[in-house]
Amino acid sequence: MARQSGSSEEFARPLRRFFVGGLVLILFAVFVLWRIDSPRAERFRAALVDAVVPQMDWAFVPVTKTVELVEGVQSYARLQQQNQDLRRELQQMKAWKEAALQLEQENAKLLDLNKVRLDPALTVVTGQVLADSGSPFRQSILLNVGAGRDGIKDGWAVTDGLGLVGRISGVGQRSSRVLLLTDSASRVPVTIQPSGQQGMLSGDNSTLPVLEFIEEPEEVRPGDRVVSSGDGGVFPSGLLVGSVVLSRDGRLRLRLSADYERLEFLRVLRSRPAEVIGGDAALIGPLLPEAAAMMPASEDLSDG
């Protein structure tokens, strides 16, 4: 047994040396062939590649499948992460939806309790922005709605669906001009919530108009909500304008809710002037019977 194992090892050792030496010679020959710079060698190399490479597809199958498997695992991991993110966002959206429904129900109950009557005459006309004629000295845009077809009038409020944009400052038959809140000629009376402070929003041709003439500025905080007050009858009350910010110069300014970078379609609010009540009798009304019976007695006492 020892002789057979020794003889097999003696027989295998020369074979290994032969194969290793042959492999080295083949590799050295391939290296030399690929280093020769000759047209004939180039043609030979091209013919060798055309003959060998198409027949070696089977050798690349494991590598290709391994790469595809790794890419599939990475794609699955990305999909799983995206699925988790979407589930988290969906859960947050459900919470916001529940909060919105509760607020809607609470608002409906409050309106019913207070017997609030909404103004039926406050309707809207939607127009498309034709051109932006803004300049360093004037901030205005043009709309494709006018007095002839849509009944647009000067002074009507204009919104973009999110917040107040400005007011109509010029009307034609088929177009109208909107003076933006950022214009230096714009003045809008506003109410700051929740403190209820009254103020004036003044444009200065910048993206952040100035809040002026506030009754008690110390009660105003950055982030407070600002709506139109309706004073002066220029704008309806309660229109969202923006939120308070504190500028670097220490002045209270307003970050507008309207997206001035994407003004494409705007809504013009139709509003009619407030009804004027004339005469004192309509305000005071007739005297009650008890008050009428007491009037002569009080007059006699004053005379005596």
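Residues 24 or more positions apart supply 51% of the chain's contacts that have a separation of 6 or more. The model is a predicted one, and its chain holds 6 helices and 12 strands. Of the 304 residues in the chain, 23% are buried. The chain exposes about 22,500 Å², and carbon and sulfur atoms account for 59% of that area.

**A nonpolar surface patch**

Four residues, Phe28, Phe31, Val32 and Ile36, make up a nonpolar patch on the surface. Together they have about 380 Å² of accessible area. One of them, Val32, is placed in helix 1, which spans residues 2-35. Val32 has a relative accessibility of 32% and therefore counts as partly exposed, since that class lies between the 20% limit for buried and the 50% limit for exposed residues.

**A loop serine**

Ser247 is found in the loop that links strand 10 (240-246) and strand 11 (252-256). Is Ser247 buried or exposed? Ser247 is buried, because its relative accessible area is 17%, and buried means under 20%. The side chain of Ser247 has a polar atom 2.9 Å from the backbone oxygen of Arg251.

**Accessibility of the two residues**

| Residue | Relative accessibility | Class |
|---|---|---|
| Val32 | 32% | partly exposed |
| Ser247 | 17% | buried |

In terms of position, Val32 belongs to helix 1, whereas Ser247 belongs to the loop between strand 10 and strand 11.

Note on methods:
Residues numbered from 1 in each chain as written. Predicted model: local features only at pLDDT ≥ 70, side-chain atom pairs only at ≥ 80, totals over all residues. Heavy atoms only, no water. Patch = residues over 30% accessible without salt bridge, like charges linked within 9 Å, V, L, I, M, F, W, Y side chains within 5 Å. Areas by Shrake-Rupley, 256 points an atom, 1.4 Å probe, with all protein chains shown as cover. Salt bridge = Lys/Arg side-chain N within 4 Å of Asp/Glu carboxyl O. Helix = DSSP H or I, 4+ residues; strand = E, 2+ residues; numbered from the N terminus. Buried < 20%, exposed > 50% of the residue type's maximum accessible area, 1.4 Å probe, protein only. Polar contact = N/O pair within 3.5 Å; in protein donor to acceptor, adjacent residues only side chain to side chain. Contact = heavy atoms within 4.5 Å.
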